[in-house]
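The exercises below each set a task and then work through a solution in steps. Please look over the sequence and the model before starting.

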Amino acid sequence: MQIMLFDLKPTIQICIINGLVFITLFYFFLKKIIDRKILTFAMFFSLLAILPTFIQEEYAFFTHRLIISLTGIIIILTSFFEKLTATYSKIKVYLVVCFIFIFLLFSFCSFTNIDKYKDSFTYWTQAYKDASNYNVVCDALAKEYNKQRNFDKAINLSLKAISLKNSFNNYLTYAIILFDKGDYENAKDVFLQLLENDDKNFLIFKYLSNIFLIEKDSKSAIEYAKKALASFDGIDNKTDVLENLAKIYSVSNDFQQAINIILACALYIKTRNE
């Protein structure tokens, strides 16, 4: 089993803080400051929440995953403050003030960081800064650069994603970027290799059909367009394939067949909307 811990840097500060937390919880356990059953359950729940990070492949460690394990921490703090306020009733006022301050502080931090999530490109750029060695992030950012037609950066990131994990989806992204760049020969090679692993993938058939059309191989273009139509996985995909097939017949000077497909596509859209 592969361990996937990306950008988890155990600095001396983190080690000290975690050590202090462990010692404090152990002290609470020994002195019964918090009910031992509650404390044991909360600690177990917190560890269980982040366990997939350490044992499951394709599960990177990101700080936001600690939000789930915060439930255990909240249980501990609730029990602690309940006992504290029962002993020192006046402390409730200070706790309320402290809560308001923390709430305002978190609200301010959220407001100042909102620009990091204003669009998908900004989000994945920020994610890449946090986890530059996570293949999913590299692949997603490659797609974003491809949308912007910044093909050099897109290809570099896509190849990095492949080097981090030799997966079907990473290669599919790479092939699409090559196609969008206009490198049809290399794109075709990659798509044909992917076809050996998945012979029912709509995207592979669609792009291969377009490549053969560009190469003026109408017979192959029609063949793969029909395969795409047989393997479509959504309503929008079907209309896309029908339009593409009509275009291929049109370029092949088979206008009657193109018209028939366009009419069939229009009827399909009308039926779907009713």
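**Exercise 1.** In what order do the elements of the protein chain run from the N terminus on?

Solution. This is a predicted model, in which local features need pLDDT of at least 70, side-chain atom pairs count only at pLDDT 80 or more, and totals for chains, interfaces and linings use all residues. Residues are numbered from 1 along each chain as its sequence is written, and side-chain values use heavy atoms, with hydrogens and water left out. Starting at the N terminus, the elements read α-α-α-α-α-α-α-α-α-α-α-α-α, which comes to 13 helices and zero strands (helices being DSSP runs of H or I with at least four residues, strands runs of E with at least two, numbered from the N terminus).

**Exercise 2.** Determine where Ser158 lies and whether Ser158 is buried or exposed.

Solution. Ser158 is found in helix H7, residues 151-164. With a relative accessible area of 0%, Ser158 is buried (under 20% is buried, over 50% exposed, and in between partly exposed, with a 1.4 Å probe and protein chains only). Leaving aside residues up to four places away in sequence, Ser158 touches Ala142, Asn170, Thr173, Tyr174 and Ile177 (contact means heavy atoms within 4.5 Å).

**Exercise 3.** Name the residues through which H6 and H8 make their contact.

Solution. On the H6 side they are Asn135, Asp139, Ala142, Lys143 and Asn146, and on the H8 side Asn169, Asn170, Thr173, Ile176, Ile177 and Asp180.
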